Amino acid sequence: MREEEHGGMEMDDLAGSEPARGESHGGGGGGGGGLVETVLQPVRWLQMLCRELGATFVAGVVLVFGLNQGFAGSFFRVASDYYWKDVQRVQPATVQFLSVFFYIPWVLKPLWGILTDVFPVRGYHRRPYFIFSGILGMSATAVLAMGIGLSVTSAVLCFVGISTAVAIADVTIDACIAKNSIDKPALAPDMQSLCAFSSSLGALIGYSTSGMFVHHLGAQGALGVLALPPAMLVFLGFYIYELKKHQHNAKDKVFNKLSVAVKVMVRTIKYPVVWKPSLYMFLSLALSISTHEGQFYWYTNKEPPNPGFSQEFVGVVHAIGAVASMAGVLIYHKIFKDYPFRTILFFAQLLFGVSGFLDLTFVLRWNLVLGVPDAVFVILEESVSRVVSRVRLMPMMVLSTKLCPPGAEGTFFALLMCIDSIGMLAAKTNGAIVLRTLHVTRTDFSNLWLAVLLRNLLRLSALGAIFLVPTADQTDVLLPQSLLSSGSAVASAGDEEETLLQLGKLSSHTDDE
């Protein structure tokens, strides 16, 4: 889809891709025997990706998605929960309020994307931003892990620094992926598979080891482990392949295209077929208030009759949840991807609300009345929650891509992702208000069940807005023909590469609680 660049500049080659070495031979695969062939197939697949896209690009995807997002993200979730509980010793409602700040760098992903595209450093668009994000992440982690008697404000700034570093690295590698997808469209699914596999495997390792590190090093010491992933980003910034470019009018071109795209975006959001499902997705996320911190403080409290789970067991539960999340992806693709949008989102939201009553059963200790031990029940609850959350979020992502007009795909997708992020911020904030109103503290959990019940009812209340979702199939075109034709004219007038870069930058979601 990309037009070739003209004028006095070098070829705009693949960001993160080395020059081609010989002809493409695909995954190659002859006969061979059973088990050995199965074991060698992933190795050959990786070799093919390295040959076609460049070894440094493949290493970059593994480092960013596997090490920085998968491993560090999961490790961070467990270690940071214990940090606020055991080191800073703040109330659960306060932690919920503070966690809102950690999401802000992800809301600002379009800004980071514009910076990497419009403001090259010494002719490089990607390398300097990997280095910057790595240095920022290492610095914030070092202060957090080694600082004695850090104030809450200083700790929050460190956490925001870590989150910003991961978000910038995510945007930068997504730009490389989008660029390579333009030049090698046949390998686009393989690149997404590499991203998903790296992230899932990293999360599994991070969750599995986080509890052990917290137990032996303490929450603050365990956070020091998070200095390794950003250090690898600095290494990546020096070695990932990227051609140096000399574009004298690059900034003017991008700003020009951005202004045109914004105009298209404003016109698009006025269509009912666009703003109605966008409003539903926001309400669905915002009404699912978060009670995570209150529940975490409760099930790690050692005072009977609270469960008193150990750090290691908490990590294991999250690791099992990561596996369940992958199962949710498979279930969606195998069973639900052909259902109409309204049908799948109705039943997914219904299940999302109903599955929350497993939490209520656990908090009220009814599982013990039924003869189900805490350890078994919490694993069951985590697995069901992760599967349902995945099945609920994936059609939302598909629906979001269907609402993007030609010529402004990246900008409009950025808008939709920002709306979703604001919905998640609202869920965190409102959850904190509920926990504080009900006086759920570090030691008093008598009203925690009320917070969980209210959360479940609000999840179910989102079904009242399901009429905003179109009844179309997930393969249908949703935008009116007039918008498609005018958008195509905008796309042909500008450089289509930029919109795809922006689309790649805004493709990250986290599981709901």
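How many helices and how many strands are there in the protein? There are 19 helices and zero strands, where helices (H or I, at least four residues) and strands (E, at least two) are DSSP runs numbered from the N terminus. The model is predicted, so that local features need pLDDT of at least 70 and side-chain atom pairs count only at pLDDT 80 or more, while totals for chains, interfaces and linings use all residues. Residues are numbered from 1 along each chain as its sequence is written, and side-chain values use heavy atoms, with hydrogens and water left out.

**View 1. The crossing of helices α3 and α11**. The axes (lines fitted to C-alpha atoms over the stretch in contact, with angles from 0 to 180 degrees between N-to-C directions) of α3 (residues 92-107) and α11 (residues 292-299) come within 8 Å and cross at roughly 140 degrees. The contact (heavy atoms within 4.5 Å) is made by P92, V95 and Q96 of α3 together with H292, E293, G294 and Y297 of α11.

**View 2. The largest nonpolar core**. In this set of buried Ala, Val, Leu, Ile, Met, Phe, Trp, Tyr and Cys residues joined through side-chain atoms within 4.5 Å, buried meaning under 20% relative accessible area with a 1.4 Å probe and protein chains only, Y83, W84 and L144 touch the most other members of the 74. Helix α2 (residues 55-87) supplies the largest share of this core, 16 residues.

**View 3. The surroundings of L144**. Leaving aside neighbours within four places in sequence, L144 is in contact with Y83, L150, A155, C158, F159, I162, Q220 and L223.

Key
Buried < 20%, exposed > 50% of the residue type's maximum accessible area, 1.4 Å probe, protein only.
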